[in-house]
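This briefing accompanies the structure shown below and is meant to be read beside it.

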Amino acid sequence: MPDTPPSFELLPGAAESPVILHVPHAARAIPDGVRAGIVLDDAALERELDHITDAYTDRIAEAAAELAGLAPWRFVNRLSRLVVDPERFPDEREEMLAVGMGAVYTRTTHREVLRPADTDPEPLIERYFRPYAEAMTKAVADRLAATGRAVIIDVHSYPGAALPYELHGSGPRPPVCLGTDSFHTPAELTGLARAAFARCGGTGLDSPFSGAYVPLEFHGEDARVGALMVEIRRDTYMTEPGGPAGPGLDRLAGALAALVDGLGR
């Protein structure tokens with residue numbers, strides 16, 4: 001594997017679309033130089049990738065973009081979140097630091113050692129996290145300039161049964177969890193998502209995961225930026241962990257396309 005594969009990709013949609021489908025956790029690729037800092041052997045690393053990767057969410061977003069009447073833009077992470085997690089705070093604000101899963105993970109989904117505890121996260125943050133954040137910020141700014149608004153739909157998945165790393169894993173685990181932000185998720189956006197995903201077994205709010213990703217430049221500052229996290233329970237569309245996709249994938253892509261179409265009006 002080359003040491004510097006493309007870190008992320010912005011895939012253009014319609015010029016007049018305000019929607020960005022953000023896919024941060026679908027990839028499994030780890031550059032060789034980053035792999036050297038991970039203590040797991042190859043078999044254990046593959047098992048961890050099965051658990052931590054939001055498998056096929058890039059395919060769901062791609063199919064939704066093809067189905068939508070007004071094609072959304074797509075911002076897709078091409079590296080595993082085990083390189084850096086672009087959705088974490090890169091500092092002490094991040095609650096997942098409590099389980100070794102800040103912007104640079106030192107623990108696995110089962111709370112085992114992934115990297116030495118004294119790993120300096122700064123080189124990975126500088127090399128991968130900051131360029132990603134800057135590019136996503138620019139993508140949002142471009143949608144604001146072009147359309148007067150931007151809507152970030154975060155496309156994630158989560159396991160049917162809670163994993164040990166989850167801080168809030170004891171609550172409901174609906175087929176589709178909608179993560180909201182008190183500032184950036186208006187009721188209209190939540191309502192559109194509930195209607196769109198009703199065909200997929202139903203939705204719940206902010207359990208087991210809550211919040212929605214907004215670049216820090218806009219977070220809590222610019223109400224023209226809307227955001228919603230779509231967390232899809234993996235057993236609704238694939239064999240867990242890390243197995244093949246099933247027919248549920250197409251149904252979910254259709255529901256996501258319906259949400260995109262609702263937002264484009």
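This is a predicted model: local features need pLDDT of at least 70, side-chain atom pairs count only at pLDDT 80 or more; totals for chains, interfaces and linings use all residues.

**Overall fold**

- The protein chain has six helices and seven strands, and these follow one another along the sequence in the pattern β-β-α-α-α-β-α-β-β-α-β-β-α.
- A compact globule of 265 residues would have a radius of gyration near 18 Å, and the protein chain, with 17 Å, agrees with this.
- Taken along the principal axes, the box filled by the C-alpha atoms of the protein chain is roughly 50 × 35 × 35 Å.
- Of the 265 residues in the protein chain, 54% are buried.
- Among contacts between residues at least 6 apart in sequence, 79% join residues at least 24 apart.

**Helix 5 and its surroundings**

- Helix 5 spans residues 187-197, and its buried residues are L189, T190, A193, A196 and F197.
- Seen down the axis of helix 5, these buried residues fall within an arc of 130 degrees, so they line one face of the helix.
- An α-helix has 3.6 residues a turn, so residues three or four places apart point the same way.
- The other side of helix 5 holds the exposed residues A187, E188 and A195.
- The cover over the buried residues of helix 5 includes strand 4 (150-158), strand 5 (176-179), strand 6 (203-205), strand 7 (225-233) and helix 6 (248-264).

Conventions:
Residues are numbered from 1 along each chain as its sequence is written. Side-chain values use heavy atoms; hydrogens and water are left out. Helices (H or I, at least four residues) and strands (E, at least two) are DSSP runs, numbered from the N terminus. The radius of gyration is taken over C-alpha atoms; the globule rule is 2.2 Å times the number of residues to the power 0.38. Buried means under 20% relative accessible area, exposed over 50%, partly exposed in between (1.4 Å probe, protein chains only). Contact means heavy atoms within 4.5 Å. The arc is that of the directions from the helix axis to the C-beta atoms.
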